[in-house]
Amino acid sequence: MVVFNVLSVHSMFSQLLFAGSSLLNLKIRTDDYTMTEKRHYSKPTIIRHTVGVMNKYGRPPATVPMNRLVGHEVKELVENYGSPLFVLNVQELRDNYRDMSRAFMTRYPKAQIAYSYKTNYMKAVCSILHQEGAWAEVVSGFEYDIARNLNMAGENIIFNGPYKTKAELMRAFSEKALVNIDNYDEMQVIEDIAEELGTVLEVGIRINMDLNSPPWHKFGFNLEAGHAFEAVKRALASGKLKVVGLHIHVGTYIDDLTIYSRAAQGMVEFYRYIKEQLGVTLKYWDMGGGYASHNTLNWAWLPAEQTCPTYDHYAETICPILLNGPFAAEDAPKLFLEPGRALVDEPFSLITSVAAQKRMPNGGRGIVLDAGMNILSSVQWYSYNFQTGQDSGSMIEDTTVYGGLCMNIDVLRESASVPQVRRGDLLVIPHVGAYNISQSWQFIYLRPNVIAIEDGEVHVIKKAETREYVQEFEQVPDTFTK
Amino acid sequence: MGINVGITGLHATDNPAPGIGVIRSLKHPEGWDGEIIGLAYDVMDTGVYDENLLDHAYMIPYPNSGTQQILARLLYIHSKTRLDVIIPTLDSELALFQHLEPELRKHGISLFLPDSIATKRISKPNIADFCKELEIDTPKTYAVKDSGELDKAIKEIGYPLMVKGAFYEAHKCRDDKDTINYFNEMRQKWGYPVILQQMIDADEYDVCCVGDGKGGMLGALPIRKTRITDKGKAWAAITLKNDQLFDLSKKIIRDLKWAGPCEIEILQEKNTAKMHLLEINPRFPAWIFLGTGANQNLPKMVVDLALGKDVQPLPNAKSGVTFVRHATDLICPIEWLEKLTTGGELHY
Amino acid sequence: MDSFLHSEFTLSESGFLFDHGTGLTYTLNETGRFIFQKIQDGSHANNLVELVTSEFEVAEDIARKDVDDFFRQLKEARIIH
């Protein structure tokens, strides 16, 4: 088998080098009765040279098999836990948190990360991040309840979002959570709560600025139009609220650092202004999330690994500007960051199996996978890479990758570089941790297992669905079946 | 021992990449004793078949393939044919080389590149803000990131306007039909944002500059294009002596602390003689060989800067020097094509 | 000469294929090159699976499917009749 291994690393251009190797084999193996050992096989393939595809060095490393994940054979994981299968590398998640926290705290000592629950609120994921020291950033009563259920103290929860019910707000304030106000209607509800509780409530005000196009005007009060100032003034005027926080969230997947620097500059100027005009002293300011991950957006030409800023880049952009705020160093407000995607995207991979391959009428190749948009909704935004879970040779071809749903729209990627694969072969899709699981839909297929691996140990952190589970809350009145 | 220089951007068609001009500058005048290593993205990159210009040609991965794969390929090339300096010449690969620079330097491969913040500031979507900061005039510009904003952008700018891709290409548009067509084409080809820009009636000038990375401008070659192709590329040009262009370039380089080459495109409005900054390309222009005739051999200067040599500013460019480009055909045996296709390298 | 091929082809050791009739060029992998060479040598289509399984480490049913698929590709590319 030694000879086999040597031959299996043949790439096309090393063939000449190995042209004499069959002779060599015989020499090595004269003492061996298996002199007729055969050559390594890969699927016979012919690829026509056209402009732009004649550079085999110009392809993603799809041909480098990713046959192990977090120290485990991909094939074995599928045998034990099925396909498709989400796999979390726990150490990578911990490392991401530690690295981001370090990047900010070394530049702004009072920095604190609050994990954006909505990107992936599986209990195991939130627990790991809380173990590392993250607070919770929630945007609904449901998410708030998840955090409390994980024993997060109310005072370590930031409650954001455009729609919070009175009951949810009442609970949050009673438990001393930080609440950032999104609109005037909400402000009125909170004033009512203050009255009912018979106390002055400390609140944060969410503001927005004209930073990107299209601007994010849905949330909070606009700065340029003067709404933000009016909101702070209005909150103070009632005498029931005390403004102690400012919140901004510049967008989603923002890799343009200038947006963060302008936002930070805006926060500093606004703080200075409300301090002078209204005597506001902030206990915290919250720069929100939006930090990018190493996934390439569908409309981007360069891959994310070249354009995605590091945690240090973000911290270096934001912190020095904020430190110029109107306060002595020791009185600096606490700084919150609300990353989600940037922490959780990369540590997750999805293992999926090839269900079929087909030749399209235009001569191109298509493959069908056992995973579809129902568990990979981020294909709307991302151009995911597909890596083989086994040695599939070095001949790659532009391939349309279809999901397994019986729906024409279920296309995972219009054109991906994929080696020659057959039914049953495995593909690994890296960096799938953000939004895919929390936005997954049970549709046509049951949702698969999610496992987490740490220190060699595999934990199932979410069991695959069953028909019984999906139908648990359904009811069929007797009259329908008589 | 001569210095070996790796150069990208070898595809010299009617929309030529700058690599060939850079190579010819390095080999000019006689006395060059290093080797030129052509780094090609496609086996049909025309320059790789010029055995008089190249000593070696290697295929490298496109900048939008994985970074690690590109690094591995460059280090492989370095192990076979020493690379002392790399001069990237394409906009789309700058981010990649900025990213790889520390790693390449560790292996003894030097580059001289602007930092990523400076590059971001002059990127097409941000150039309008940059002009505002420096109080430089610029045509009205809109970076459209969503087809829904197109109408608004057209209304604000008015016709005629230019539709530009995020990295390359610009098309003149006189009505909505043109604009929508080119908008879709640019979006598909180069992704978002697509840039819409006001067209003003003006004379167009280019200045190729080299910055020292500390705010100083070490060389400047101002030109006027005297013949352009239908793609707006220079087919003939003449060097200028023009203080306004020189001072504006100097101001830009100083503020950006620009390191390495760039091409600054400037418009002078016909009615008002006002200078407008159109765009800044973070690389050499394809016509850079013209500099060798005007005492501004800027590619040679960039090699020296990459190697950490003490480089003094050049005296002003000689004005009135002209170039005319003319196309030529190379005969090449099919074995060259085969070698590049199947082996990824070719040695002359 | 064989009756399969549309025109004259040069196949190099490296798997680079030149079609003299159309001027198109292709790359074949090792297995593809082996089969193509057999076609050029005049082997009958029916014998190719056997030739492949005796040369390469592969089960017959897989080889049969793959050779079939390979032939389809050659036909679609108008390399063989």
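## Where two chains meet

In this predicted model, five residues of chain B are in contact with six residues of chain C. On the chain B side of that meeting place, the residues divide into one nonpolar, three polar and one charged. The points below visit chains A, B and C in turn.

**Chain A as a whole**

- Chain A holds 15 helices and 21 strands.
- Of the 482 residues in chain A, 45% are buried.
- Take the contacts in chain A between residues at least 6 apart in sequence: 69% of them join residues at least 24 apart.

**Helix α4 of chain A**

- Helix α4 of chain A covers residues 74-81, and its residues A:V74, A:L77 and A:Y81 are buried.
- Looking down the axis of α4(A), you would find the buried residues within an arc of 60°, so they line one face of the helix.
- What do the buried residues of α4(A) pack against? Their partners in chain A are the strands β2 (68-69), β3 (72-73), β4 (85-89), β14 (348-359), β19 (426-430) and β20 (450-454).
- After α4(A) comes A:G82, which has a positive phi, near 85°.

**Helix α7 of chain A**

- In helix α7 of chain A, residues 141-149, the buried residues are A:E143, A:Y144 and A:A147.
- Seen down the axis of α7(A), these buried residues fall within an arc of 105°, so they too line one face of their helix.
- The exposed residues A:F142 and A:N149 sit on the face of α7(A) that is turned away from the buried side.
- The buried residues of α7(A) pack against β6 (135-138), β7 (157-159) and α8 (166-174), which belong to chain A.
- Just after α7(A), the phi of A:N151 is positive, at about 70°.

**An open sheet in chain B**

- Six strands of chain B form an open sheet, in the order β13-β12-β9-β10-β11-β14, with antiparallel pairing.
- At the edges of this sheet are β13 (275-281) and β14 (322-324) of chain B, each pairing on one side only.
- On average, neighbouring strands in the sheet are turned by 30° against each other, direction ignored.
- How many bridges join β9 and β10 of chain B? Strand β9 (residues 202-212) and strand β10 (residues 217-228) of chain B pair in the antiparallel sense over seven bridges.
- B:C208 stands opposite B:L221, a residue of β10(B).

**A closer look at C:F9**

- You can find C:F9 in strand β1 of chain C, which spans residues 9-11.
- Is C:F9 buried, partly exposed or exposed? C:F9 is partly exposed, because 16 other C-beta atoms lie within 10 Å.
- Leaving aside residues up to four places away in sequence, C:F9 touches C:L17, C:F18, C:D19, C:H20 and C:Q40.
- One of these, C:Q40, is 31 residues from C:F9 in sequence, and the two are 8.5 Å apart in space, C-alpha to C-alpha.

Technical notes. Residues are numbered from 1 along each chain as its sequence is written. Chains are lettered from A and ligands numbered from 1 in the order in which they are written. This is a predicted model: local features need pLDDT of at least 70, side-chain atom pairs count only at pLDDT 80 or more; totals for chains, interfaces and linings use all residues. A residue is buried if 20 or more other C-beta atoms lie within 10 Å of its own, exposed if 12 or fewer, and partly exposed in between; C-beta atoms are placed from the backbone. Helices (H or I, at least four residues) and strands (E, at least two) are DSSP runs, numbered from the N terminus. The arc is that of the directions from the helix axis to the C-beta atoms. Two residues are in contact if their C-beta atoms, placed from the backbone, lie within 7 Å. Two strands pair if DSSP finds at least two bridges between them. Axes are lines fitted to C-alpha atoms, for helices over the stretch in contact, and angles run from 0 to 180 degrees between N-to-C directions. Ala, Val, Leu, Ile, Met, Phe, Trp, Tyr, Cys and Pro count as nonpolar, Asp, Glu, Lys and Arg as charged, and the others, Gly among them, as polar.
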